[in-house]
Amino acid sequence: MTALSKKIQAEYIEHFKAHEEENRRGALRIEENYKNSNFWDGERFFSHGIHIPKTYEEKTIKHFQEIVTMTYGIVTKVIRAYLEQPEYRKLFPFSKELEELILVPNGYDSLLPIACFDIFYDEDTEDFKFCEINTDGTSGMNEYTQNDRFYKDNYTHQYMKKKYDLRSFELFESWIDCFMGLYGTYDKRIEKPQVAIVDFLDKALLGDFEGFAKRFEKRGIPCRICDIRDLRYDGSSLSAADGYRIDAIYRRAVTTDIMEDFDRVQPLIQAVTDRNIFMAGSFCTQIPHNKWLFYLLHREETYKLLSEEEIAFVEKHIPKTFLLADGQCDRGLILNDKDGYLLKPLDSYGCAGLYAGVECSGQEWQRAVDACWGKDYICQEYCKQYRTLNADFLFGDGKVHPFINMTRLFVYNGVFAGVYGRFAQGDTITTGKNERMAPAYVIGKC
């Protein structure tokens, strides 16, 4: 952490403690805002905020930009090698059906239109390790934007915002700019396209979708939110169930869900296969989304694709990853050093099926390893968690506690677009359970 960022974080805590009652009253107003927003469905909250946001100097923002540029360059080399080199392709665990979809040319100038890079960033040393890469299901834009708006009632933040000219990130319009820019390179583009945001809507974060749809429409670009299972295809064009013509898709449905419901999404599959739809992103984005990527990045076959600088980056920042199976890793070592490892499903999202040795007893870890062995799980080294002080009035006790930090970097076609903070008490962050979220801000003045 830069000296100024550390000073500001300490000042946040000091001001918060000195004005606890004002902050408590503000938190009650924020809770009402939550209940009147798309964070609340009448029974539960989809987002859980925290009181003290992240603040970064321009120097740190530049570092995030450098991380994004380096990582994006490495990832696109891997994607390109998969598309062009049959022998390299054999290293991946994809089904024949998925491989065929990945190899369909997308018709526009990007291999990875949108992603988020989740990293464990040590603000004291500026070192970091990757947690994971998400692609088409990249979310959080609405969380960031709404929480930034709700912070108007955060007493301490308003004081600090004025004092240090804290500036937020814009994550909606910038993605629409990127999306439409890519559509402009599409080989079958038309002058006035109609857009659809597509997902399994029973699994979707509708706040993101509604935010994007509203902004597309405001620009004069027709946009619908569609369930991927309700699309129709006549052999030349794709449409929604009511006949709405679809020329361009913003795909939020993750590939895992698509492949699991393959028969019910055939209209989309056929339109993609026939190259009759623009879809951001195409199925080649599954290459970095799958957690197998971290294992392959450390293989000699991948090193041959990379520069010396990129290899050094991988060795320093990508956690060692192995398939949890016979002949792939040392079972005894994993059992005897439980605090040094995590178990993750090979292809999942939302922290489903995650086991952290540091959170398990010896017997619990033994049972987890036994249950996951040979079941499409990876074993990954556990990365040191950076901790900062924070407080949670909405969903906690309102007292100051240490929270582990994760830094999410939004990436729009290889360009750093913004950052938000994820937090938790404990040793791991679990989506939908102990995860807390706060916007990040750029410090404008000392």
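Mentor: We shall take strands, helices and aromatic rings in turn. This is a predicted model, in which local features need pLDDT of at least 70 and side-chain atom pairs count only at pLDDT 80 or more, while totals for chains, interfaces and linings use all residues. Residues are numbered from 1 along each chain as its sequence is written, and side-chain values use heavy atoms, with hydrogens and water left out.

Trainee: In what sense do strands S2 and S3 pair?

Mentor: Helices (H or I, at least four residues) and strands (E, at least two) are DSSP runs, numbered from the N terminus. Two strands pair if DSSP finds at least two bridges between them. Here S2 (residues 114-121) and S3 pair in the antiparallel sense, over six bridges.

Trainee: Is strand S3 mostly covered or uncovered?

Mentor: Buried means under 20% relative accessible area, exposed means over 50%, and partly exposed lies in between (1.4 Å probe, protein chains only). Six of the seven residues of S3 (residues 128-134) are buried, so the strand is mostly covered.

Trainee: Which residues does His-317 touch?

Mentor: Contact means heavy atoms within 4.5 Å. Not counting residues up to four places away in sequence, His-317 touches Asp-127, Phe-128, Lys-129 and Phe-130. His-317 is placed in helix H15 (residues 308-317), and it counts as buried because its relative accessibility is 7%.

Trainee: How is a pair of aromatic rings described?

Mentor: The distance of the centres and the angle of the planes describe such a pair. Rings of Phe, Tyr and Trp (its six-membered ring) pair if their centres lie within 6.5 Å; planes under 30 degrees apart count as stacked, over 60 as edge-to-face and the rest as tilted. The whole structure holds 35 aromatic pairs. Among them, Phe-128 and Phe-130 are edge-to-face, at 6.2 Å centre to centre with 65 degrees between the planes. Both Phe-128 and Phe-130 are buried.

Trainee: Why is the pair of Trp-175 and Phe-179 edge-to-face?

Mentor: The planes of Trp-175 and Phe-179 stand at 70 degrees, with the ring centres 6.0 Å apart, and the pair is therefore edge-to-face. These two residues lie four residues apart in helix H8 (residues 173-183), about one turn of the helix, and both are buried.
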